[in-house]
There are 2 protein chains.
Amino acid sequence: MAKNAFYAQSGGVTSVINASACGVIETARQHPGEIGTVFAGRNGIIGALTEDLIDTSKESDAAIAALRHTPSGAFGSCRYKMKSLEDNRREYERLIEVFKAHDIGYFFYNGGGDSADTCHKVSQLSEHTGFPIQAIHVPKTVDNDLPITDNCPGFGSVAKYIAVSTREASFDVRSMAKTSTKVFVIEVMGRHAGWIAAAGGLAADADNDIPVVILFPEIEFDQDKFLAVVKEKVESHEYCSIVVSEGAHWPDGRFLAEQGTRDAFGHAQLGGAAPVVANMVKDALGYKYHWAVADYLQRAARHLASATDVEQAYAMGKAAVEFAIAGDNAIMPTIVRTADRPYAWEVGKASLSDVANVEKMMPREFISEDGFGITQACRDYLVPLIVGEDYPPYKDGMPQYVTLKNEPVARKLEAFSL
Amino acid sequence: MAKNAFYAQSGGVTSVINASACGVIETARQHPGEIGTVFAGRNGIIGALTEDLIDTSKESDAAIAALRHTPSGAFGSCRYKMKSLEDNRREYERLIEVFKAHDIGYFFYNGGGDSADTCHKVSQLSEHTGFPIQAIHVPKTVDNDLPITDNCPGFGSVAKYIAVSTREASFDVRSMAKTSTKVFVIEVMGRHAGWIAAAGGLAADADNDIPVVILFPEIEFDQDKFLAVVKEKVESHEYCSIVVSEGAHWPDGRFLAEQGTRDAFGHAQLGGAAPVVANMVKDALGYKYHWAVADYLQRAARHLASATDVEQAYAMGKAAVEFAIAGDNAIMPTIVRTADRPYAWEVGKASLSDVANVEKMMPREFISEDGFGITQACRDYLVPLIVGEDYPPYKDGMPQYVTLKNEPVARKLEAFSL
C-alpha cells in the first residue's frame, strides 16, 4: 500500500523553490503505486507541527505545472529552527505523530543548511522510534552555501538578476557620468558568503569593459584601498559600479551597514550598506552617486530566472522522489558538475550527515588578488549557472503566477502549541 | 543638397531612449536625399556646445539596429539646463555656429520638459538669426510628465518593471508572513508626479489579491491614516506591500526621506524614503519588514521592457525625422490614444510652445478616494502601456547590449568654455 508524502518549504524563498515543489509533486503523481497523496506543510514545518496540512491532490495538473514558473513559496515557508533532539524531543515526536496519523512515509524538506539539519534529525528519530520515515532534503538557497552539491537551486537566478542589473545600471551611469552620477552602488544579499556579490562581476566581460568593484564578506574592508580602487576606475572610465554584499564588514567584524547612524529619535541606522558606501565615496572623492538595494527583488525575480537554475530546481525535486522510491533515506540529491565548457551536470546524492551544519564559502582563488573582483576560475564556475532564459507566461503585460487553493486536510490529532 | 542632422540625448536616460535614437538614425538613413549625416552630441547638448560631435555614419546598420534593445544613452547624456535666451545668448549663438560649421539643418533633441524648452528656444533663435534650423523634440521621460502626449516613451517600461517587481516581492512576503517579514516597502522614482508609484498598484488584479498601499507625491502624507491602512491590510492578508514614491512628503513639504537622520559625522540622512517608512511601521505596529530601493535598476531594466514602450519610442524617433523632412519646425511628435480596449494609438504632433514648462501630474481621479491606491480609470490608462515583452538577445546568460564606436567628427571651430 502506497504511503503518503509530506513536503515543506523552509527559510527564505527563491524564484525557483516552487519548481522543486513542482518536481516533487509531478513525479509523485507519476508513481501512484509507491506514493499516495503529497501533503504540504502550510508555512513550512510549522504546518507539520500544528497538523496544518495542505492536500495537494486538490490542485489540478495545470496548477501544479504552473509552479514551475511561479516565484516564492506556494505553500508558505517559515523561519523556525527546530532545536536539537535533546533540547526539544517533544517537537520531533510530534512530527512522527503527525506523520503516523496521516500515513506519511516520506518527508521531503526543501531548504538550506538548517533544514538539512532538521531533516537529518527526523531520519535519526525515525530509526529510534521504529516508525519508518524516509527523510530526503531538497536543496534550496540563494546563498549557494550548501556543501557537496556544486551549486544550490535558487542561486543561479539571483546571480543572473544581479549580473544583468549591474550591467544595465552600469550602462546608465556611463551615460550620465560626464555631468552627473559617477558612482553607482548596488547592495546584494549574502551575509556570510559572497557568491551573489561575485555575480555582479559578470556585468563586465570581453565585450563590456565595465569597471566593477566588489565588496565581499570574505574580505575585510579596507577603506583606503577601496577608495583608491574607486578613484582609479573613475579616472580611467569616468564612472564606476560598486557591488556591496550586505555582509561586507570592517576588520573588527562590524558590518558596513552599522555606521552608527541615528534618526531624530535616537534609533539605530535605517539604511543598508549601499548608502554607507555611497556616502563614503562622496565624502572622500566628491563623486555624485546613486544607490540601489535589491533586497527581495533579487530572489523573487522569476521574470529573469536562469533556465539552468529552473531545470536544476525541478530536477532536485524529481530526484528526491525517485531516491525515496528507491529506498534512500537521510540523503540530499546534489548537482554534480561533470564539465565546464560545454557545461554538463548530473544528479548525485549526498548523505545528510555530511551536509548538515557545513557552510561553503567562496574559495579565495575565486576572488582577485586585490580583493575587489572575480577571477577567471570564478567566471568559469558562475557563467553556466546563469545560462538560458525561462520566461513565465504574460497576460496584459504581467507575469501569470499561480496561487494555489491550498485546501486543508482534516485534523486527526489534538492541538499542539509551538 | 541634403543637410546634416544633429541628435542629442538629454537628462536621465531610460531603457528605451536608444530605441528613439534607432528610429531617428534608421529613418534618416532611408532618406539620403533629404538628410546627410546624423551627428550625435557626445554627452548631450554639451557635445554641441563644445563641438564634440559623433559621426553616426561610422556605425554599421547592425550596430544601429541593436540600439533598439540597448538601455541607457548610447552617445552619453547630460544634466545641463541652458539658461534663458536673454541670460545666455552666447550659448544659443554657439549652437547655431556649430550647426552652421557642420551644415546641420535639423536639430533632434531627445528628452523631457527642460529639453523641450531648449529645443523651443533654438527654433526661436534660428528664426531671429536667419540660419534655418528645424528643431524637433523627441519625447522621453520615465516621469511621464510631458503634456499633450498621452504618455512618454520610457515610462511604460519603468511601469512594467515596478508592477512586476512589486508582484514578485509580494508573493515572496506572503510566503514568509507567518513567522517573519510581514511588510515589504519598495521605493520608486518620481519626485513630482506619482505615475511610477501608481504602476505598483498593477501588482494586484482580479486574479491576484495583493494588498498594496501606495504613497503618492500628489497626496500629503498622513501618518495615522497610513498606519491604519497598513494594519488593516496585514490583519486581513497577513502581509502588505508598500510602494513609496521618492517624492512622498509631509503636509509641510518635507520629503519622507528627510527624517533628520544623521551619521556619526553629523551628515544628513543617508537613506531614502523606503527605510523611513519601514521603520515607521515597525515602531508603530511591530511588523518585521524588508525594503528595497530600485533606483537606476528601474529605468535601466531593458530586460523587462514593455513592447508597447519600445515600439512607441522607436516611432517617436521615426516620426521626428519624417516631420522634419515634411518641413515641420518647433514641434514634438506625440502619442495619441484612440482607444482603451483594445488599445490603439497613432502619432500626433504638438507645438513646442504648448509643451515647454508644463508638467502633467496624476489626475486626482486616478487615485483612490483614501489616497493609497489606484482607480479603475488609472488601470485602464496604465495597462496598455506595459503590454508586451520585447526581450533583448542573450549570450552566455547575459543580454547583448551594444556599445557604439562613437567616433569623433573633426573640429572646425575654436574651443568654447561652458
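Predicted model: local features only at pLDDT ≥ 70, side-chain atom pairs only at ≥ 80, totals over all residues.
B:Pro342 sits in the loop that runs between β10 (331-340) and β11 (343-351) of chain B. The peptide bond that joins B:Arg341 to B:Pro342 is cis, with omega at about -5°. A:Pro342, for its part, is placed in the loop between β10 (331-340) and β11 (343-351) of chain A.

The model has an ipTM of 0.97 and a pTM of 0.97. For chain A, the mean pLDDT is 94, and 97% of the residues reach 70 or more.

Turning to the layout of chain A, the chain is divided into two parts: domain 1 covers 3-140 + 304-357 + 390-399, while domain 2 covers 155-300. Between the C-alpha centres of domain 1 and domain 2 of chain A there are 34 Å. Where these parts of chain A meet, eleven residues of domain 1 are in contact with seven residues of domain 2. On the domain 1 side of this contact in chain A, four residues are nonpolar, six are polar and one is charged.

The next topic is the contact between the chains. Chain A contributes 68 residues to it, and chain B contributes 68 residues. Several elements of chain B each supply at least two residues to the side that touches chain A: the helices α6 (155-176), α9 (273-285), α10 (296-300) and α13 (376-386), together with the strands β9 (289-293) and β13 (398-399). Which element gives the largest share of this side of chain B? That place goes to α6(B), with 13 residues. By residue type, the side of chain B that touches chain A holds 33 nonpolar, 21 polar and 14 charged residues.

Five of the five residues of β9(B) are buried. The cover extends to both faces of β9(B): B:Tyr289, B:Trp291 and B:Val293 are buried on one side, and B:His290 and B:Ala292 are buried on the other. Strand β9(B) also has a parallel partner in β6 (residues 183-188) of chain B, and the pairing runs over five bridges. Within this pairing, B:Val293 of β9(B) is the bridge partner of B:Glu187.

Finally, two asparagines of chain B stand out for their backbone angles. B:Asn144 is not a glycine, yet its phi is positive, at about 60°. B:Asn144 belongs to the loop between β5 (134-139) and α6 of chain B. B:Asn357 is likewise not a glycine and has a positive phi, at about 65°. The loop that holds B:Asn357 lies between α12 (352-355) and α13 of chain B.

Are these asparagines buried or exposed? B:Asn144 has 29 other C-beta atoms within 10 Å, and it therefore counts as buried, given that 20 or more are required. B:Asn357 has 11 other C-beta atoms within 10 Å and so is classed as exposed, the limit for that class being 12 or fewer.

Terms used. Residues numbered from 1 in each chain as written. Chains lettered and ligands numbered in written order. Domains from an automatic or database assignment. Contact = placed C-beta atoms within 7 Å. Nonpolar A, V, L, I, M, F, W, Y, C, P; charged D, E, K, R; others polar. Helix = DSSP H or I, 4+ residues; strand = E, 2+ residues; numbered from the N terminus. Pairing = 2+ DSSP bridges. pLDDT = per-residue confidence, 0-100.
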